[in-house]
Amino acid sequence: MSTDGGTLAELGSVKKSFGAVHALTGVDLRVDAGECVGLVGHNGAGKSTLMNVLAGTLAPDEGTITIEGADRTPHYSVTAAHEAGVRCVFQELSLCPNLTVAENARIMHPHLGGLRWRRQAAGLISSELDRIFPGHGISTKAIVGDLPLTQRQMVEIARAFTVTDSPAKLVILDEPTSSLDAVVAGQLLTFVRRFAEEGGSIVLISHLLTEILGSADRIVVMRDGRVVITDRASAFSRDTLVAAMGHVAENAVESTEEERDRSALPLRVRTELQHGETINLLAHEGEIVGLAGLAGQGQTRMLHRVFDGARGGAEVRGTVAVVAGDRQNDGVFPLWSINKNVSVGSLRELVRRWLVDDRAEERLGATWQDRLAIQTPNMDDPILSLSGGNQQKALFARALGSKADIILMDDPMRGVDVGTKAEVYGLIRKEAEAGRTFLWYTTETEELEHCHHVYVFREGAIVTDLPREQVTEQKVLQASFRDST
Amino acid sequence: MSTATASPGRVSGADSRRLLRAAMPFVSLIVILGAIFYIQPRSMSTFGLDLLLRLAVPLAFATLAQLCVMTVNDLDLSIGTYIGVTAGISATILVEQPILGVLALVGCVAVYAALGALIHLRDLPSIVVTLGMSFVWLGVAISLLPVPGGEAPEWLRTFMSLKLPIPSPILMLIVIAAVAHIALMWSPYGAVLRGVGGNARAVRRAGWSLLKAKVTMYTLAGICGVLAGMTLLGLSGAADARMGERYTLLTIAAVILGGGEFVGGRVSPIGAVVGATTIWLAANSLLSVLKLPPEWQIGAIGVILIAVLALRWLVGRVGRAS
């Protein structure tokens, strides 16, 4: 099998379901040697699932995996993928924070042993870092947990290209630039092109369409667990790509009340400027305020400040409830029933004669099961019997069911399917019209379309505020990245 | 280049924090030793040090057993009574029928390995499993030795009372720490084992077996427990089913004092051995030279433990602030 220009890897009608959710409904994908394939699609379109199948971390329910002409479907695993030269940089970091950069490189290479393994591992990773990110300034002796997020991501990317006994023929990059600044992201994309020209293959997943259009040879568009279009990159423009993804046209949510005078509304939240900040956050009655920017730029901390009120340096008028985004860590009470998980936000209102009124509690649960269409035969079932999306609905019910005036949402739509999202968006707008205030941290630009006002965060502070009519993906991204290039 | 210019400051801050954390067990050891020498200057001799530190050796082994389990984010509440069993076997079966004795000890290690596999495969909380096992081990120890007794094998007693130019416990502690450090911090597989504590998913995605890693760690813990039981027996001459019971919580304290964490795979074998020595000195030698009445001693041990661990917390906080 010649590697030059031939097919390197091929997935044939791959299917994968998680419970009732069909993540992949028969996907065919081909990657040629020396080719950079751009993979785009909405969140939940199945891109990451597909890449997990290709990398061997998820076994498909059905379908075939062929690499360099050999059928590898039975017993395909991470180890088999590695031996075949398939590497993957996952969306969430796959480094061990307690180990050094060199030790993390060693974990990738099972055969790196002997007395000098440490020096070899350090040499491997540092030469790769130098090749991809010249001037990176990362010490191989540094403990990964001590490095800032950007450098961690650089280490992880460089690690995927290190070679000992098995070659790196196909490297999957799943949102590799999400926490890189513009300069470093540029270095990476340049390297991707060079890697492909030298005969390597890349699958690049990114929500930044300019990156895909600029770097990929061929673009594969996924929607609802299927590949909808495949074509040369030059055949697409930004607009046709957006259309192919089935993106809500940019002005789909027409602003019903263009002329909102913010200052006329009663103030609910005002933060005091802390060191390094130039813009303070304001939120009024009936407003949906978006906190945008790249992930982890201080948005969650801002929500905590508002929650802490005066102690956190924020003037807050009204009661506050939270919808957690990180369900497992600060959302559900895993041992409680769905109903208890919902009612815990309003216990004070449910008390009668010093005790919680069971019947009122049930009524509350039933109301919200109805309003949010929580799919369960019985609200007394354990919360963990629900799918992720429905658990998230229960968390929404907890916050919305309380009497809180201000609802803080910490990227609450993670892992929520498209249908639920639409329902929840509608509910949020209705509740806002009824006078509630929402502070909404989101990493998905299209969700900002629902906000009356958007603050963009960078490096822990607000850098721009945009009223609704000025919110575009481009503006948000521009503000999200440092201006220097 | 923004990232390049931003990095040196951050990394050096992290470096100094790590240095402080690594120095912490040594500082507390020096403080405690200093206090003992000040109150009882005669202990500052080869013989005195030998006497002070000899019983730190079994605790150091027990602490390393705990450290192995804590490296993979588990906790072992059975190590104390397990030491009672291994010491009991060494004092009875090993003396009468050496081959059977060795087999019995190997069997104990095999049980530890099986526990590691069980905890991983069934995804059970290690605390519950090992707490249950602690009663099982105690039962086994009591049926081996209904009354304190038995006899340490001759060779073991001789080995534990070796007379060398430098106090033999010091030599042993150094060797133990060095071997553990090489195994866990230097060896290529040691990095993988610690990685399991840091990010098990990442290690699995790189193609390693988590089951194998856990079984390895529990096996090592079992072996360290055997060594702890044998050295304890060699020093005391006879065994008692409950002789190791107090060790369980002391080992956890020693790992933490030595710079380890309950979760996250951050451990330091050298620190743990130093921590074990410090805790041993604080909990026993310091109290006896202080001539505290016996009814106050147990309480005093607790107070000293809290004080020593609070010191570590304080250092951690100062490190973070800088």
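This report walks through the cores, aromatic pairs, pockets and backbone of a predicted model.

## The nonpolar cores

Let's start inside. The largest nonpolar core has 100 residues, and the members that touch the most others are A:Ile107, B:Leu52, B:Tyr82, B:Val203 and B:Leu281. Take A:Ile107 as a way in. Setting aside residues up to four places away in sequence, A:Ile107 touches A:Cys96, A:Leu99 and A:Arg159 in chain A. In chain B, A:Ile107 touches B:Ala191, B:Val192, B:Gly195, B:Val203, B:Ala206 and B:Trp208.

As background, nonpolar side chains tend to be buried together in soluble globular proteins.

## A look at B:Phe61

B:Phe61 sits in helix H3 of chain B, which spans residues 56-71. Is this residue buried or exposed? B:Phe61 has a relative accessible area of 14%, so it counts as buried, the cut-off being under 20%.

What does B:Phe61 contact beyond its neighbours within four places in sequence? The list is B:Ile176, B:Cys224, B:Leu227, B:Ala228 and B:Thr231. B:Ile223 is 162 residues from B:Phe61 along the chain, yet their C-alpha atoms are separated by 9.1 Å.

## Aromatic pairs

Over all chains, the structure holds nine aromatic pairs. In one of them, A:Phe161 and A:Phe191, the ring centres are 4.9 Å apart and the planes meet at 90°, so this is an edge-to-face pair. The partners are 30 residues apart: A:Phe161 is in the loop between helix H5 (149-160) and strand S7 (170-174) of chain A, while A:Phe191 is in helix H6 (residues 182-197) of chain A. A:Phe161 is buried at a relative accessible area of 2%, and A:Phe191 is buried at 2% as well.

Over in chain B, how are the rings of B:Tyr189 and B:Trp208 arranged? Their centres lie 6.0 Å apart with the planes at 45°, so the pair is tilted. B:Tyr189 belongs to helix H10 (residues 188-205) and B:Trp208 to the loop between H10 and helix H11 (210-236), so the pair ties together parts 19 residues apart in sequence. B:Tyr189 is partly exposed at 22%, whereas B:Trp208 is buried at 14%.

## Charges over rings

Two arginines are worth a look here. B:Arg205 lies over the face of A:Phe90, 3.6 Å from the ring centre. In chain A, the charged end of A:Arg371 sits over the ring of A:Trp368, 4.5 Å from its centre.

## A pocket and a cavity

The second largest pocket holds about 880 Å³ of space. It is lined by 30 residues, and those nearest its centre are A:Thr100, A:Ile143, B:Arg18, B:His181 and B:Met185. Which helices each give at least two residues to this lining? From chain A they are H3 (101-108) and H4 (117-132), and from chain B they are H1 (2-39), H9 (168-186) and H13 (269-290). H1(B) supplies the largest share, five residues.

As for cavities, the count comes to three of 30 Å³ or more. The largest cavity has about 180 Å³ of space. Among its 17 lining residues, A:His82, A:Cys88, A:Phe90, A:Met108 and B:Arg205 are the closest to its centre. That list includes A:Phe90 and B:Arg205, the ring and the arginine that lies over its face. The elements that give two or more residues to the lining are helix H2 (78-83), strand S6 (86-89) and H5 of chain A, together with H10 of chain B.

## Positive phi in a chain A loop

Most residues other than glycine have a negative phi. A:Arg353, in the loop between strand S16 (351-352) and strand S17 (355-356) of chain A, has a positive phi near 50°. A:Trp354 is in the loop between S16 and S17 of chain A too, with a positive phi near 65°.

Are these two buried or exposed? A:Arg353 is exposed, with a relative accessible area of 69%, and A:Trp354 is exposed at 83%.

Methods. Residues numbered from 1 in each chain as written. Chains lettered and ligands numbered in written order. Predicted model: local features only at pLDDT ≥ 70, side-chain atom pairs only at ≥ 80, totals over all residues. Heavy atoms only, no water. Helix = DSSP H or I, 4+ residues; strand = E, 2+ residues; numbered from the N terminus. Buried < 20%, exposed > 50% of the residue type's maximum accessible area, 1.4 Å probe, protein only. Contact = heavy atoms within 4.5 Å. Core = buried A, V, L, I, M, F, W, Y, C linked by side-chain atoms within 4.5 Å. Phe/Tyr/Trp six-rings, centres within 6.5 Å; stacked < 30°, edge-to-face > 60°. Lys NZ or Arg CZ within 6 Å of the ring centre and 35° of its normal. 1 Å grid on protein atoms, 1.4 Å probe; cavity = no way out; pocket = protein on both sides within 12 Å on 5 of 7 lines; lining within 4 Å. Points joined across faces, edges and corners; volume = space filled by probe spheres on them.
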